[in-house]
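Here's a friendly walk through the structure below. Take a look first, and then we'll go through a few of its residues and helices.

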Amino acid sequence: MDILLFLGITMVSLVLITLLRRDYKEYAILLSTMVGAVIMLRLIGRLSELITAFTYLAEKAQISQDYLSIIFKVMGVAYLAGFGGQICRDAEENALALKLELAGKIIILFMAVPVMVAILEMVLRIF
């Protein structure tokens, strides 16, 4: 089970980060970021399986690949903004974390415009 691997990596890293934070805060932040990146990279294989499954379901439901692409991009922006925000919080830069997360939300809004327009056009066609 992958979760046991991630739990083990996280617990060992937590101990090291706690020890480093006392005297070498910058190394603690760097280690935390690197462990987060390693976990994300280990999950990429699983994400590709998930994307394949969603693509198959979208084809069966006759949903445009353009919309599915937008959904995947939105999810990517959300995860990256959240991940970056957590790194900023680890460095005790809460204001910077909030700004990054706000930027992610605004980018998501812009990315969602084509989907919103398509929904509105469908509603207008009904009436």
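Let's start with Ser 13, which touches Leu 31 and Val 35, leaving aside residues up to four places away in sequence; contact here means heavy atoms within 4.5 Å. This is a predicted model, where local features need pLDDT of at least 70, side-chain atom pairs count only at pLDDT 80 or more, and totals for chains, interfaces and linings use all residues. Residues are numbered from 1 along each chain as its sequence is written, and side-chain values use heavy atoms, with hydrogens and water left out.

Ser 13 sits in helix H1; helices are DSSP runs (H or I, at least four residues), numbered from the N terminus. A polar atom of its side chain lies 2.7 Å from the backbone oxygen of Ile 9.

| Residue | Relative accessibility | Class |
|---|---|---|
| Ser 13 | 9% | buried |
| Ala 95 | 43% | partly exposed |
| Ala 97 | 0% | buried |

Now for the core. The largest nonpolar core has 6 residues, namely Phe 6, Ile 17, Ala 28, Leu 31, Val 35 and Ile 39. Such a core is a set of buried Ala, Val, Leu, Ile, Met, Phe, Trp, Tyr and Cys residues joined through side-chain atoms within 4.5 Å. Two elements, helix H1 (2–23) and helix H2 (25–60), each give two or more residues to this core, and H2 gives the most, with 4 residues. Phe 6 touches Ile 39, Arg 42 and Leu 43, again not counting residues up to four places away in sequence.

On to another helix pair. Helix H3 (residues 65–90) and H4 pack at an angle of about 175°, with their axes 8 Å apart. Axes are lines fitted to C-alpha atoms, for helices over the stretch in contact, and angles run from 0 to 180 degrees between N-to-C directions. H3 is therefore roughly antiparallel to H4, a label for angles over 145 degrees. Their contact has 17 nonpolar, 5 polar and 3 charged residues; Ala, Val, Leu, Ile, Met, Phe, Trp, Tyr, Cys and Pro count as nonpolar, Asp, Glu, Lys and Arg as charged, and the others, Gly among them, as polar.

Ala 97 touches Gly 85, Cys 88 and Arg 89, not counting residues up to four places away in sequence.

How values were computed: Buried < 20%, exposed > 50% of the residue type's maximum accessible area, 1.4 Å probe, protein only. Parallel < 35°, antiparallel > 145°, perpendicular 65-115°, else oblique. Polar contact = N/O pair within 3.5 Å; in protein donor to acceptor, adjacent residues only side chain to side chain.
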